[in-house]
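Please have a look at the sequence and the model first.

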Amino acid sequence: MRQQVRLDKYLKVSRLIKRRTVAKEASLKERIEVNGKISKPSTSLKIGDIITLFFGLKIVKVKVTSLELLKNELMYELLSEEKQNNKEEA
């Protein structure tokens with residue numbers, strides 16, 4: 001059992017992002033944080049890490065629960081999913 005895995009590979013295998021190249025691009029554009037810090041594609045993840053993904057107006061926060069793909073089980077626990085309002089209220 002592996003103790004650490006690269007961020008870009010984890011995002012693909014866990015199906016949070018469909019392709020590894022897209023995961024790599026998102027992290028290079030500073031749209032992914034691990035434990036509150038902007039992360040590179042090569043950042044090593046371990047169980048218990050908190051990943052925050054910024055998808056346009058949507059912010060998804062998950063906790064890493066597994067580093068291996070298990071049949072019919074998610075590799076993460078969804079902590080929050082928020083939509084940002086683009087409009088300023090007057």
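This is a predicted model: local features need pLDDT of at least 70, side-chain atom pairs count only at pLDDT 80 or more; totals for chains, interfaces and linings use all residues.

Residues are numbered from 1 along each chain as its sequence is written, and side-chain values use heavy atoms, with hydrogens and water left out.

**The sheet**

- Five strands form an open sheet in the order S3-S2-S5-S6-S7, with antiparallel pairing.
- The edges belong to strand S3 (37–38) and S7, each with a single partner strand, so one side of each has no neighbour in the sheet.
- Strands here are DSSP runs of E with at least two residues, numbered from the N terminus, and two strands pair if DSSP finds at least two bridges between them.

**How the strands are joined**

- Strand S2 (residues 32–34) runs antiparallel to S3, and two bridges join them.
- S2 is also joined to strand S5 (residues 50–55), again antiparallel, by three bridges.
- Glu-33 has a bridge partner on both sides: Ile-38 in S3 and Thr-52 in S5.
- Between S5 and S6, which run antiparallel, there are six bridges, and Phe-54 stands opposite Ile-59 in S6.
- The hairpin of S5 and S6 has two residues between the strands, and Gly-56 takes a positive phi near 55° there.

**Val-62, in strand S6**

- Val-62 is found in strand S6.
- With a relative accessibility of 0%, Val-62 counts as buried; the term means under 20% relative accessible area, using a 1.4 Å probe and protein chains only.
- Setting aside neighbours within four places in sequence, Val-62 is in contact with Leu-16, Asp-49, Ile-50, Ile-51, Tyr-76, Glu-77, Leu-78 and Leu-79, where contact means heavy atoms within 4.5 Å.
- Tyr-76 lies 14 residues from Val-62 along the chain, and their C-alpha atoms are separated by 6.1 Å.

**Ser-66, in a loop**

- Ser-66 sits in the loop between strand S6 (58–64) and strand S7 (76–83).
- Is Ser-66 buried or exposed? Ser-66 counts as buried because its relative accessibility is 12%.
- The side chain of Ser-66 reaches the backbone oxygen of Glu-68 at 2.8 Å.
- Beyond its neighbours within four places in sequence, Ser-66 is in contact with Tyr-10, Ile-47 and Met-75.

How values were computed: Helices (H or I, at least four residues) and strands (E, at least two) are DSSP runs, numbered from the N terminus. Buried means under 20% relative accessible area, exposed over 50%, partly exposed in between (1.4 Å probe, protein chains only). A polar contact is a pair of N or O atoms within 3.5 Å; within protein, one must be able to donate a hydrogen and the other to accept it, and residues adjacent in sequence count only if both atoms are side-chain atoms.
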